Amino acid sequence: MACRICSGRLHQFADFGSQPVSDAFVTPGDPREEYVFRLAVGVCEDCSMVQLLEEVPRERMFHDGYPYLSSGSAVMREHFWSLAERFLATDLAGDDPFIVELGCNDGTMLQRVAEAGVRHLGVEPSGGVADLAAARGVRVRKDFFEAATAAAVLAEDGPADVIYAANTLCHIPYMDSILGGVATLLRPDGVFVFEDPYLGDIVERASYDQIYDEHFYFFSARSVSGMARRHGFELVDVERLPVHGGEVRYTLARRGARTPSPAVAELLAAEDAAGVSDLATLTAFAARVADSRDRLVALLTRLRDEGARVYGYGATAKSATVLNYCGIGPDLVSFVSDTTPAKQGRLTPGSHIPVRGPEAFADPYPDYALLFAWNHAEEIMAKEEGFREAGGTWILYVPEVRLVRA
Ligand code: SAH
Ligand code: TYD
Ligand code: ZN
C-alpha cells in the first residue's frame, strides 16, 4: 500500500474491521445489502501523513441524500459566522474580491458572505445540502472540487482571494488534483485556509471515532507542510480550534508570498517532541482504543443486565465506527436521538439502531444517555436541562469511558 500523498511506504497501525458508509442511514425494510469496506489506518514512513488504507468511492458518500448539516449545532454556526466576519474584514482585498468554499454544505458560512454582497461560490457535490445553501442566498456549483472544476471556475469567475474548506479537505483522497486546482484558482497572493480534525488531539484523547470513511486523512502541521511544499505552497499559519473535539486551521500561501507565523514552527516542534506521527505512538494509540472499546462494552452490558434504559444522543458519522467496532446494537442502546430530519425514522448504518427526533428523548427520559456527539457536549448538556432534572446520567467515551451525572 502506497501513500496517497508521496507514494512512500505505509505502516498500518489500527484496524477497525468491516465498516459501513458512516452517513448511509438505512431505511427500515430496504432489502439492499449495505456497502462495506475495511477501515484500517496507516502512517507514511516518508511524509508522515496518517491515512486510510482503503478508499470508499466518493459517490457512495456524497450524493443528493447526504444527511449531514453544518447548521446542526449553535456553536458551529457561531464558529462559521465569526470566521466569515474575519474573511470579510481582513482577508479579502481589492474592489471586487472573490471567495470560494469547498464543501460549503448547507451554506452556513457563505450565507454571511452573501449577505455582505461579496462575490462568492460554494462548490458542493451533495445536491440536498447544496439546495439548502442556495435557499439561503448562496451561489452554489453542484460539483466535486478537483483540478477540472478549478479551471472551469477560473474561466467563469476569475481568480479567488480566499479558498476555504472546513471538514472537507481531509475527506478527499485525490489531493494532487485538489492542490493543483487550488494553485490554478488562487490569486498569486491569495490564501488557502482549511480546518480539519487534528491528529495530535485524536492521539491524545484516543478519539478513535474520528476515523471513518469520510475522514481519509488525519493532518498534522508536519504532514501538511510537506504536502503543501509538493504543490508550490507553504504552510504560513496554524491555529488550534476547540471545535469537533480539536482541530487545526491551516493557512497555505504560494511559496515565498508570505512570512510564516511563529505558530508554525512552534506546532512543528511540539509535534516532534510528542512524537505524534511515530509508529510507536500510533501503535500505543491503537492499544488504548481496544481498551476503550472493552470498557464501553462492559459498561453497556452491565447496564442492560441491570435493566437500565440507555439511549444514544447524536447519530453522528463518528458513531458508526464506535457502534460497528464495539458491536453495539439495539439490545444495548435502544434508539439514538438526533435533530437531523434526514436521519430520523432510519437506522444507524451497520448497527441498525433506530434514529428518532429529539422529542423522543424526553418521552420518557432514559436512565443513561450515550453521548455520540461528545464534541458538542457543552452545548447539548446545557440544552438538556430536563434530563438533568430527571436524574439522568451521561456516558462519555472520550478521552475515556466515564459516567457524568447530568
Ligand atoms: N464545511 C461543512 C461541511 C463538512 S461535511 C462543515 O464544516 O460543517 C463535508 C462536505 O464536503 C460535504 O458537504 C460533502 O458533500 C463535501 N465534499 C466532499 N467531497 C468534496 C469535493 N471534492 N469538493 C467539494 N466538496 C466536497
Ligand atoms: P457532528 O458531531 O457535528 O458530526 P459527524 O456526523 O461528522 O460526526 O454531528 C452531530 C450530530 O448530532 C448531528 O447529526 C446533529 C446531532 N445533534 C443533535 O441531535 N442535537 C444537538 O443538540 C446537536 C448539537 C447535534
Ligand atoms: Zn507519504
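A residue counts as buried when its relative accessible area is under 20%, as exposed when it is over 50%, and as partly exposed in between, with a 1.4 Å probe and protein chains only. By that scale R58 is partly exposed, at 21% relative accessibility. This is a predicted model, in which local features need pLDDT of at least 70 and side-chain atom pairs count only at pLDDT 80 or more, while totals for chains, interfaces and linings use all residues. Residues are numbered from 1 along each chain as its sequence is written, ligands are numbered from 1 in the order in which they are written, and side-chain values use heavy atoms, with hydrogens and water left out.

**Salt bridges**

- The structure holds 27 salt bridges, each being a side-chain nitrogen of Lys or Arg within 4 Å of a carboxyl oxygen of Asp or Glu.
- One of them joins the side chains of E146 and R58, with N and O 3.5 Å apart; because E146 lies in the loop between β6 (140-141) and α5 (147-157) and R58 in helix α1 (residues 58-61), the pair ties together parts that are 88 residues apart in sequence.
- The helices (H or I, at least four residues) and strands (E, at least two) named here are DSSP runs, numbered from the N terminus.
- E146, like R58, falls in the partly exposed class, with a relative accessible area of 23% for E146 and 21% for R58.
- E156 forms a salt bridge with R141, the closest N and O atoms being 3.7 Å apart, and since E156 belongs to helix α5 and R141 to strand β6, this pair ties together parts that are 15 residues apart in sequence.
- E156 is exposed, with a relative accessible area of 59%, whereas R141 is partly exposed, at 22%.
- D161 and R187 also meet through their side chains in a salt bridge of 3.4 Å, N to O, a link between distant parts of the chain in which D161 sits in strand β7 (residues 160-166) and R187 in strand β8 (residues 186-197), 26 residues apart.
- Of these two partners, D161 is buried at 7% relative accessibility, while R187 is partly exposed at 28%.
- R86, E195, E239 and R249 are linked with one another in a network of salt bridges.

**Zinc site**

- The zinc ion (ligand 3) is coordinated at 2.3 Å by the SG atoms of C3, C6, C44 and C47, where donors are N, O and S atoms within 2.8 Å of the metal (3.2 Å for Na, K and Ca), and water is not among the atoms, so sites may look incomplete.
- The four donor atoms subtend angles of 100 to 117° around the zinc ion (ligand 3), which makes the arrangement tetrahedral, a term used for four donors if all angles lie between 85 and 135 degrees.
- Along the chain, the donors of the zinc ion (ligand 3) follow the spacing C-x2-C-x37-C-x2-C.
- C47 counts as buried, at 16% relative accessibility.

**Cavities**

- The structure holds two cavities of 30 Å³ or more, a cavity being a set of points, on a 1 Å grid over the protein atoms alone, where a 1.4 Å probe fits but cannot get out.
- The second largest cavity has about 40 Å³ of space, and a volume is the space filled by probe spheres set on the points.
- Its lining residues, which have an atom within 4 Å of a point, include F13, V41, L199, I202 and F285.
- The elements that give two or more residues to the lining of the second largest cavity are α7 (199-205) and α10 (279-305), and α7 gives the most, with three residues.
- The lining of the second largest cavity divides into ten nonpolar residues, no polar and no charged, where Ala, Val, Leu, Ile, Met, Phe, Trp, Tyr, Cys and Pro count as nonpolar, Asp, Glu, Lys and Arg as charged, and the others, Gly among them, as polar.

Terms used:
Tetrahedral: all angles 85-135°; square planar, octahedral: opposite > 155°, others 65-115°. 1 Å grid on protein atoms, 1.4 Å probe; cavity = no way out; pocket = protein on both sides within 12 Å on 5 of 7 lines; lining within 4 Å.
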